[in-house]
Amino acid sequence: MAQPLSQPPRTTAPAAPVAWWRNPTVRGILAQLLVLGVVALIVAYLVDNTLTNLEERRIRTGFSFLEQEAGFAIGESVISFSPADSYARAFVVGLLNTLKVSLIGIVLATLLGVLIGIGRLSSNWLVAKLASTYVEITRNVPLLLQLFFWYAVITILLPSVRQALEPLPGFVLSKSGLQFPVLIYDPSQIPLLIILGLSLVAAVIYRRREKRIQLATGREPRLLLPILAIMLVPVTLAHLALGAPLEFDVPEFQRFNYRGGGSVTPEFLALLLGLSIYTAGFIAEIVRSGILGVPWGQTEASAALGFRRTLQLRLIILPQALRIIVPPTTSQYLNLTKNSSLAVAIGYPDLVSVANTSLNQTGQAIECIGIMMAIYLSISLLISFYMNWYNKRIALVER
Amino acid sequence: MQLKNALIGTTALMALAAAQQVYAGPTLDAIKDRGQIRCGVNTGLAGFSIPDAQGNWTGLDVYVCRAIAAAVFGDANAVDFIPLNAQQRFTALQSGEVDVLSRNTTWTLTRDASLGLHFAPTTFYDGQGFMVPADLGVTSALELDGAEICVQPGTTTELNLADYFRANDMEFTAVVIEGFEQSLDTFFSGRCQVYTTDVSGLAAIIANDAPDPDAYVILPEVISKEPLGPAVRRGDDEWFAIAKWTVYAMIEAEEKGVTSENASEMRANSTDPTVQRLLGASGNMGELLGLDQDWGYNIITQVGNYGEVFERNVGPNTPLRLQRGDNDLWTRGGLMYAMPIR
Amino acid sequence: MASFVKNPTPPRSPPLASVGVLGWLRTNLFNGWWNSLLTVLFLALLAWVVPPMLDWLVFNAVFRADSSDECRAADGACWAFVEVKYRLILFGRYPFDEQWRPLVGMLALIAMALASCDRRNWNRRLLFIWAAGLSVFFILMGGGVFGLTSVRTSLWGGLPLTLMLAFIGIAAAFPISILLALGRRSNLPLIRALCVGYIELIRGVPLISLLFMASFMLPLFMPTGVSIDAVLRAQVAIIIFAAAYLAEVIRGGLQALPKGQYEAADALGLGYWKTQQLIILPQALKIAIPPIVNTFIGLFKDTSLVAIVSLTDLVLATRQALGDPEWRQFFIEAYMFIMFIYWIFCYFMSKYSQYLERVLSTTRRA
């Protein structure tokens, strides 16, 4: 890549002295200076225009607005937020909302995508056809429309709050979203939390030990039941012994709707559904080509060794396919995170939505859009750094 | 080098195509050169600015622009209406995409001081209210504690809403939906129990958009002051003066009983010096503004006085059925008061 | 010790259960208990979902109606909405009597795209095809010449606008992206840094933030008195966006070329630009064509975001059609209709890209 591409023709005779303007190094430097100059000029022109305009039109500048009271309400938030809080906190709320929907969306899209990707390769004709229909539909319709569609379906099909469904006691489903009971915090629950933490550590240690034994002896690890036991038994016993109160905050109907408990709004639900379903279509294709990318001989060899089909997939094919799958999947994760910005169209208060509102309330477009872009850029860079590191880790170590 | 040249050529062409001169120098000169006023209006708000089936714009805000065009060109149709949403409106005005913004825009200190605009006199005194489905049985906004409220982002509405609930120690959940149509869809689907915007807007929505107009009621509380009027860019005082005095001329005409029907006759016969100055029969008002002597006459004959425009677009005989209220003349207990034309 | 068979047994006909319909069913749907279970499960699911869906979509649907009341009375979908509003959905607020112009303009764009699919046109002719297609489109849409009345861009809308944003987006981004891709592979550090910076910056942020930037910040960047048309602003954002993605695709094509090609060009004494023009780009672009088509599909879908900044594209035109209170409640039908339009375009383009991938890879091996 770093080879000089613009070298003059080589002659057999010792190089004749070339004129300086034909010297590739000099030309390279000149070309760079020229490009840099042009770019700098353009930037300077735009900056100058902007400054003049801001000055002439008396538009406020600077980031001091971040400390001011925001004055508007945000529909849902991970941390507490009231209109009396600052713009800075509003941005944090927006960012957290973006991260929330992206993280959950990534998990759901991955699960769904892997299932459908494997489904497309199924020997079952019906399953394969259904899976490919799914992919052809979801990938070929704009995400924005899918979001509108899901939001419309949710707000139309679900009953109004006063005729809310209660699929499980305490769980309420209506046009206002899903409300569910949450545990009320009590200080006496702390020992339980500590025990739960210790159990987790024990489970990790146990899993390591089993893997070591597997490496040494080839004995297949017993994981599911023992780990479940480690996680659940001590905590249950402790709870019975200590009798810490476990009370739930159950949503109850008030004047207009259900209050209390936890809630998932229809906006969040529609965005999550839309993002996961859309991205799963892409992940499915990646998974499929990843699996097809593993040489057929691997499948045959594992079949010859007597592995069942599910075990072939799990132990032989998928680990190898993963190397092909991970890089493009990462960029799908990035896409999902960026696509969550469409939240603004269906009223989920994500980063873009908050930035947009702030922009309109303060009139400071440059600052608000700048903050928004900087945050997205940082998220993108962070994810790609992490994934590069992960790629290196799982890369094939060849002898 | 062919490829390189082709690339450079294409890029340069695109850059050239991208920049388009819209106005040069003082706004009035540019407008006169163009022969049209560019007027930013709402994308569709019954009574204020809405295109009819033939694509002709009507509404109170629209007629303000027509009045300015009548003053400048003597032709109320010399207007290019540019529909703008809440987000675009200020940028469009700042950048010169429109010469005047007549889009139910509230005059506030922040906007006046930090957005680089000047507000011409208020053409409609409004206030924010709440609309609820009638079957909810709510009779006062103070009963709305805990409700989910649909509101459009980036408006003073959003801020007033938060203020009102804080002041009354109530809670609410904001469902903030970008876009007027979508926020209405969301409200009518039943996602929110309450919709909030200016009272006139609520009346327009019930008249024009509600699937069943009788199924919704507007609550009596008006929680804010929303003086709506045209705005122009800062830095061109001459143009600002024209916008300002066009509105005053319409109000003054109503006060003096000059209507689109009797204007010609009054110009010839009226002995009232104010009417004579307004209609250009005496004085040099037009010249002082940089306009024709006929400017006031053109406004009144082609668009009408303020009262006529009000009745035609939002008054009791329109689907909006709004009373004059605050928008009546000061002489009848309202707030409409024109500065003296002399 | 080879065994010896005197009279080889003639091959037996396959068991009945492995040929014909039964055999097909058996190998494709019921091989093993797991697959049989899946088949039964999904068949049950289909039986549960499909009939009511068909009822709603077709059998109980209203296709023509004089008023929306007929739709409200029916149990099925209200396709009458589409029948009543299709002109508004397809052409937005374009003057009603002039709507043959966007129709013909749109057909010109589609013809241009179809002509570009023919591999015989993959040469200089392509440039003329696009120049012709786009000129026809702009003359028809904008008017002002040949006795056509002039129509402002703020009235352009619907499908023609969507197609325009996508086609101009890809056409204008193409030369920029070639420069960016070459720049990213250049050995001049400053140029490389600039190109990498641009590409990573644009790819790191969502398109919607670029569109916001275009509609709110671009006016501030321009000197006083110069203003950019709203459609053009969105178009610029789309070009900026597409250029970064396209550059990465073309870089992929460049990277796929063996080093020998560069060395051969050097050996022939070609300079940098000649090398790129004659040796490298023709090959690299050919490799990159299928992913370029895929990028275009993505771009075509992404143009729907301009609805968020209030451009009357297909999506926003549909929303405006829904603004009529009489028909407001039929938005599922409206969305399905335009989803179908998008789907048709994207589906056939993706099939075309898959076809290209197959064809191009075989010719390369030969």
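Predicted model: local features only at pLDDT ≥ 70, side-chain atom pairs only at ≥ 80, totals over all residues.
In chain B, five strands form an open sheet of mixed pairing, in the order 10-9-11-8-12. The edges of this sheet are strand 10 (172–176) and strand 12 (216–218) of chain B, each of which pairs on one side only, and the twist from one strand to the next averages 30°. Within the sheet, strand 8 (residues 128–133) and strand 11 (residues 194–198) of chain B are joined by four bridges in the antiparallel sense, and B:Gly129 has B:Thr197, in strand 11 of chain B, as its bridge partner. Two helices of chain B are placed against these strands. Helix 8 (residues 199–208) of chain B packs on the sheet through strand 8, strand 11 and strand 12 of chain B, its direction making about 120° with that of strand 11 of chain B. Helix 6 (residues 156–167) of chain B lies across strand 8, strand 9 (147–151), strand 10 and strand 11 of chain B, and runs at about 160° to strand 9 of chain B.

Chain A contains twelve helices and seven strands. Its radius of gyration is 29 Å, well over the 21 Å that the globule rule gives for 399 residues, so chain A is more spread out than a compact globule. The C-alpha atoms of chain A fill a box of roughly 90 × 75 × 45 Å along the principal axes, and buried residues account for 34% of the 399 residues in the chain. Among the contacts in chain A between residues at least 6 apart in sequence, 65% join residues at least 24 apart.

Chains A and C meet through 50 residues of chain C, which are in contact with 54 residues of chain A. Among the elements that give two or more residues to the chain C side are helix 2 (33–59), helix 9 (207–221) and helix 12 (272–302) of chain C, whereas the largest share, ten residues, comes from helix 14 of chain C. By residue class, this side of chain C divides into 34 nonpolar, 13 polar and three charged residues.

The largest nonpolar core holds 292 residues, of which A:Leu147, A:Ile369, B:Ile68, C:Leu211 and C:Ala234 touch the most other members. Leaving aside residues up to four places away in sequence, A:Ile369 touches A:Ala355 and A:Leu359, together with C:Ser209, C:Phe212, C:Met213, C:Phe216 and C:Met217.

Notes
Residues numbered from 1 in each chain as written. Chains lettered and ligands numbered in written order. Pairing = 2+ DSSP bridges. Axes fitted to C-alpha atoms, helices over the stretch in contact; angles between N-to-C directions. Contact = placed C-beta atoms within 7 Å. Core = buried A, V, L, I, M, F, W, Y, C linked by C-beta atoms within 7 Å. Buried ≥ 20, exposed ≤ 12 C-beta atoms within 10 Å, placed from the backbone. Nonpolar A, V, L, I, M, F, W, Y, C, P; charged D, E, K, R; others polar. Rg over C-alpha atoms; globule rule 2.2 N^0.38 Å.
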